[in-house]
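Here is a short report for a reader meeting this structure for the first time.

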Amino acid sequence: MPFKRFVETGRVAYVADGPYRGKLCAIVDVIDQTRALVDGPETGVPRGQVRLSQLHLTKYKINFPFTDHTKAVRKSWIKDKIDEKWAAGMWAQKIAAKRKRRSMTDFDRFKLRKARQIRNKVRTLTYYRLRKRALRDRAKKSTEKKKEEPKEKKEAKGKGESKEKKEVKEKKEPKQKKDVPKK
């Protein structure tokens, strides 16, 4: 599938490395193949150059003129509500969850482990109860089907098959073994 996110003017990027790690910025200009001029007026990233290897491109793009001032970038950032869109996205939620996990103490991890154990026990017991109920219902349905069949057909079916099988077995003659001379 072709790329959908390009290094272009107005592309919002997540700074993955460097002093402004974890913040959003907008690409204002592409300096060369490895560097871009970025600006993040609402997130605290000052206007400056950043290596493209330090940026992760997002799906958001804002519109402003090529190499425009910080004031124009801020205006279009606010107009497009980038901070709200970012906070509502899965990427930001995963980052927040990682931060929360990293900040947990030993006691918090212990409480989490115990809560998971309790949840898993409840889940397992519920699963087995539902499974047992389903098996019971299935058995009940099969017995009801058997009761619905007429008894005469059952008896005729059972007796006829067994007699025919016996007659076929009697008709078959055992295979004769060939005498193989011993060496």
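An unreviewed UniProt entry annotates residues 10-39 as "domain: KOW". In this predicted model, that stretch is 57% strand and 0% helix. Its end C-alpha atoms are 10 Å apart.

**Overall layout**

The chain has 183 residues, and 20% of them count as buried. It holds five helices and five strands. From the N terminus on, the elements run β-β-β-β-β-α-α-α-α-α. Among contacts with a separation of 6 or more, 48% join residues 24 or more positions apart.

Strand 1 and strand 2 are joined by three bridges in the antiparallel sense. Here valine 12 stands opposite alanine 26 of strand 2.

**The cores**

In soluble globular proteins, nonpolar side chains tend to be buried together. Which residues touch the most other members of the largest nonpolar core? They are Val12, Leu24, Ile62, Trp77, Ile82 and Trp86, out of 14 residues in that core. At least two core residues come from each of strand 1 (11-15), strand 2 (24-30), helix 1 (70-79), helix 2 (82-88) and helix 3 (90-102). Strand 2 gives the most, with three residues.

Another core lies apart from the largest one. This other core has nine residues, including Ala13, Val15, Ala36 and Val45.

**Aromatic rings**

How many aromatic pairs does the structure hold? There are five. Two of the pairs are set out below.

| Pair | Type | Centre to centre | Between the planes |
|---|---|---|---|
| Tyrosine 14 and tryptophan 91 | tilted | 5.7 Å | 45° |
| Tyrosine 127 and tyrosine 128 | edge-to-face | 5.2 Å | 65° |

Tyrosine 14 lies in strand 1 and tryptophan 91 in helix 3, so their pair ties together parts that are 77 residues apart in sequence. Tryptophan 91 has 31% relative accessibility, so it counts as partly exposed. Tyr14 and Trp91 also belong to one aromatic cluster with Trp86. Trp86 is also one of the residues that touch the most other members of the largest nonpolar core.

The second pair joins two tyrosines. Tyrosine 127 counts as partly exposed, at 49% relative accessibility. Tyrosine 128 is partly exposed as well, with a relative accessible area of 46%.

Notes. Residues numbered from 1 in each chain as written. Predicted model: local features only at pLDDT ≥ 70, side-chain atom pairs only at ≥ 80, totals over all residues. Heavy atoms only, no water. Core = buried A, V, L, I, M, F, W, Y, C linked by side-chain atoms within 4.5 Å. Buried < 20%, exposed > 50% of the residue type's maximum accessible area, 1.4 Å probe, protein only. Helix = DSSP H or I, 4+ residues; strand = E, 2+ residues; numbered from the N terminus. Pairing = 2+ DSSP bridges. Phe/Tyr/Trp six-rings, centres within 6.5 Å; stacked < 30°, edge-to-face > 60°. UniProt positions renumbered as here; feature names shortened; annotations may be inferred. Contact = heavy atoms within 4.5 Å.
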